[in-house]
Amino acid sequence: MSDFQQQALHLAGQQDSPEWLADVRKSGAQQWLHAPWPTRKTELWKYTPLAPLQKSEFGRWADESAGKAADWQQTFEWLELDATRLVFVNGVFAPEASDELPPELVRFGDANADQKKVIEQHLGQIVDSKRHLFAALSNAWASEDGVLLHVPRNGELKKPVYVVHVSTPTETPATANQRLLVVLESGAQASVIEHFVSTEDTQNGFVNSLAEVEVGDNAHFYHYRINLEEENLLHVGGTHVNLQRAAQFRGFTIAQGSPLKRIDYQINHCGEGAHLDLQGVYLPRNKQLVDYHTNVEHKVPHGTSKEIFRGIIGDSAKAVFNGRIHIHPKAQKTLAELSNKNLLTSAKAEVDTKPELEIYADDVKCAHGATVSQLNREAMFYLQSRGISRAEAQVMLNFGFINELLKDVAEPAVREYLGPRLAQLFSPNSELLKHISYE
């Protein structure tokens, strides 16, 4: 057992948690205890070393008082949208910064008898914690600060749910656990934005985040995952989804890197006619790492899935993308597409991309592909011939590479939030991108 595994079990014993979550916690702890620690020979972790977790001591939970400093809300900007906001600072609920919750939304610690039944029925059941090591850890760390969104049959949330996870540095390296459970019954609709941010100070913590989503028959779910933390924060996260008959999941994810930034998407087509639309952008720079693993299981006929991921890797950064589509023998009439395109803006930048198709049905239409390239010289020449400087031309081409995906984001507030911040990321002095509209 690795040092970090021992520290994590010690933390599980220190976690305050309701008694009715004991079974989930015990099962997760047992799986974590007996799971082998990933190495370079472990296929799912081949290109992403876990050394940053081993180099620091994470034997304590983040200090609650760290999030109570008066200025933490002034160090980043919220999304400007009409939504129900929940704020967690270092994994601890911050009621003073959160809105009053509608009946469909509740913290685990405040759940009534009916809500507890929903949590017990679904928590830890959507994710395959034997395959996903850090999901088992999240189960072992389950606490009262998890969030349940339960929308009943044919219900529709009037407002999106905006969950903000804030990280602040602590005196010694510490850990935060973040858990979201979404259950949409037949015909329900909802939208959730998960926003992972940090103060501008140098971070020294580790975040383990997990979302489980059950999308019922004919239900529609929109999910956004924004990971824009300070580059020293370690983060392992995952979104695991069950799609029932004619269910729809539309997701958008974006991440900057860190010494360890790993995000998994697991989508299970459990009912006929379900649809997945997933888009992602990753932007590591300096010496950062970002790793996206997606796995789509088409288990039944007439399912459709469309994945588009694009990465811009700069400086000495590294990106990993592994996209797998698995077509089971019974999944006839499946339509599945996967596209991964990468732009290297430095001779030292690196990307390891591996699109996979595993097909056991003969009446399907599937496609996958990946590209790795640098900026187009002809496009650079064209822009410079029009009086645009080389530096500005690089900014425009970089931004244009991902702007196509940004314009497809369904929530206007997310588009308006990301556009100028990404333009600033590419060039703090760029005047050409300040007036771009995302409508």
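At what angle do helix α1 (residues 3-14) and helix α2 (residues 22-34) pack, and how far apart are their axes? The angle is about 165°, and the axes lie 10 Å apart. Please keep in mind that this is a predicted model, where local features need pLDDT of at least 70, side-chain atom pairs count only at pLDDT 80 or more, and totals for chains, interfaces and linings use all residues. Residues are numbered from 1 along each chain as its sequence is written, and side-chain values use heavy atoms, with hydrogens and water left out.

**The helix pair**

- Helices (H or I, at least four residues) and strands (E, at least two) are DSSP runs, numbered from the N terminus.
- Axes here are lines fitted to C-alpha atoms, for helices over the stretch in contact, with angles from 0 to 180 degrees between N-to-C directions.
- With that angle, α1 is roughly antiparallel to α2 (the term covers angles over 145 degrees).
- The crossing of α1 and α2 is left-handed, meaning that the near helix is turned anticlockwise from the far one by less than a right angle.
- On the α1 side, Phe 4, Gln 5, Ala 8, Leu 9 and Ala 12 meet Arg 25, Ala 29, Trp 32 and Leu 33 of α2 (contact: heavy atoms within 4.5 Å).

**Nonpolar cores**

- A nonpolar core is a set of buried Ala, Val, Leu, Ile, Met, Phe, Trp, Tyr and Cys residues joined through side-chain atoms within 4.5 Å.
- Buried means under 20% relative accessible area, exposed over 50%, and partly exposed in between (1.4 Å probe, protein chains only).
- The largest nonpolar core has 50 residues, and Leu 149, Phe 221, Leu 243 and Tyr 292 touch the most other members.
- Strand β16 (residues 318-327) gives the most to this core, with 4 residues.
- A second, separate core holds 36 residues, including Val 89, Ala 94, Ile 254 and Val 414.
- Beyond residues up to four places away in sequence, Leu 149 touches several residues, among them Glu 104, Leu 157, Val 183 and Val 192.

**A buried threonine**

- Thr 253 lies in strand β11 (residues 248-255) and is buried, at a relative accessible area of 0%.
- Leaving aside neighbours within four places in sequence, the contacts of Thr 253 include Arg 225, Gln 279, Tyr 292 and Phe 309.

**Positive phi in loops**

- Asn 218, although not a glycine, has a positive phi of about 60°; this residue is in the loop between β8 (206-215) and β9 (220-227) and is partly exposed at 37% relative accessibility.
- Lys 333 has a positive phi near 65°; Lys 333 lies in the loop between β16 and β17 (335-344) and is partly exposed, with a relative accessible area of 47%.

Definitions and conventions: Parallel < 35°, antiparallel > 145°, perpendicular 65-115°, else oblique.
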